[in-house]
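Please open the model in a viewer and keep the selection panel at hand.

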Amino acid sequence: QVQLVESGGGLVQAGGSLRLSCAASGRTFGTAFMGWFRQAPGKEREFVAAISWIDSSTYYADSVKGRFTISRDNAKNTVYLYMNSLKPEDTAVYYCAARRGSSTEYAYWGQGTQVTVSS
């Protein structure tokens, strides 16, 4: 019902910046939250950031707080993740996800985009 496409990943040196984008299409009506998650090789998938589609309230993992910023453009059905002061430990595949207000879990996921931070 909801399709998500991430873009903007790439290779960057430590201390650099990247902007990830997530474009949503399909039946987006009823979406309450959009989130970013990441997974490094051999690691569990972890929460990075989320934003409310209603009031733009934001939530961040402690590991990225102060360095990453999540924002939205509701007219374009697009969510962005601005990543600054990148560290090698930020290297992972980043996924965006959508959650309906009637659900407690993120049910829709994008294909992921690779972010690699070199030292």
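Begin with the cartoon of the whole chain, bearing in mind that this is a predicted model. The protein contains 11 strands and 0 helices; read from the N terminus, the order of elements is β-β-β-β-β-β-β-β-β-β-β. Along the principal axes, the C-alpha trace spans about 40 × 25 × 25 Å. The radius of gyration is 14 Å, which agrees with the value near 14 Å for a compact globule of 119 residues.

Of the 119 residues, 41% are buried. Contacts between residues 24 or more positions apart make up 53% of those with a separation of 6 or more.

**The nonpolar core**

Hide the surface and select Leu4, Trp36, Leu81, Met83 and Tyr94. These are the residues with the most contacts inside the largest nonpolar core, which has 28 residues. Colour by element to see where the core is drawn from: β1 (2-7), β3 (18-26), β4, β5, β7 (68-73), β8 (78-83), β9 (92-100) and β11 (113-118) each give two or more residues to this core. In soluble globular proteins, nonpolar side chains tend to be buried together.

Now centre the view on Met83. Which residues does Met83 touch, leaving aside those up to four places away in sequence? They are Gly16, Ser17, Leu18, Leu20, Arg67, Phe68, Tyr94 and Val115.

**Aromatic pairs**

Display the rings of Phe, Tyr and Trp. The model has 5 aromatic pairs. Select Phe37 and Phe47: their ring centres lie 5.7 Å apart and their planes meet at 75 degrees, so this pair is edge-to-face, the cut-off being over 60. The pair links distant parts of the chain, with Phe37 in strand β4 (residues 31-39) and Phe47 in strand β5 (residues 46-52), 10 residues apart. Phe37 is buried, at 11% relative accessibility, whereas Phe47 is partly exposed, at 30%.

Move on to Tyr80 and Tyr82, an aromatic pair that is tilted, with 6.2 Å from centre to centre and 40 degrees between the planes. Tyr80 has a relative accessible area of 13% and is buried; Tyr82 is partly exposed, at 33% relative accessibility.

Arg45 lies over the face of Phe37, 5.8 Å from the ring centre, and Arg99 lies over the face of Tyr106, 5.9 Å from the ring centre.

**Two loop serines**

Finally, inspect the backbone at two loop positions. Ser56 is located in the loop between β5 and β6 (58-60) and is partly exposed, with a relative accessible area of 32%.

Ser85 also has a positive phi, of about 50 degrees, although it is not a glycine. Ser85 is found in the loop between β8 and β9 and counts as partly exposed, at 42% relative accessibility.

Terms used:
Residues are numbered from 1 along each chain as its sequence is written. This is a predicted model: local features need pLDDT of at least 70, side-chain atom pairs count only at pLDDT 80 or more; totals for chains, interfaces and linings use all residues. Side-chain values use heavy atoms; hydrogens and water are left out. Rings of Phe, Tyr and Trp (its six-membered ring) pair if their centres lie within 6.5 Å; planes under 30 degrees apart count as stacked, over 60 as edge-to-face and the rest as tilted. Helices (H or I, at least four residues) and strands (E, at least two) are DSSP runs, numbered from the N terminus. Buried means under 20% relative accessible area, exposed over 50%, partly exposed in between (1.4 Å probe, protein chains only). A charge sits over a ring if NZ of Lys or CZ of Arg is within 6 Å of the ring centre and within 35 degrees of the ring normal. A nonpolar core is a set of buried Ala, Val, Leu, Ile, Met, Phe, Trp, Tyr and Cys residues joined through side-chain atoms within 4.5 Å. Contact means heavy atoms within 4.5 Å. The radius of gyration is taken over C-alpha atoms; the globule rule is 2.2 Å times the number of residues to the power 0.38.
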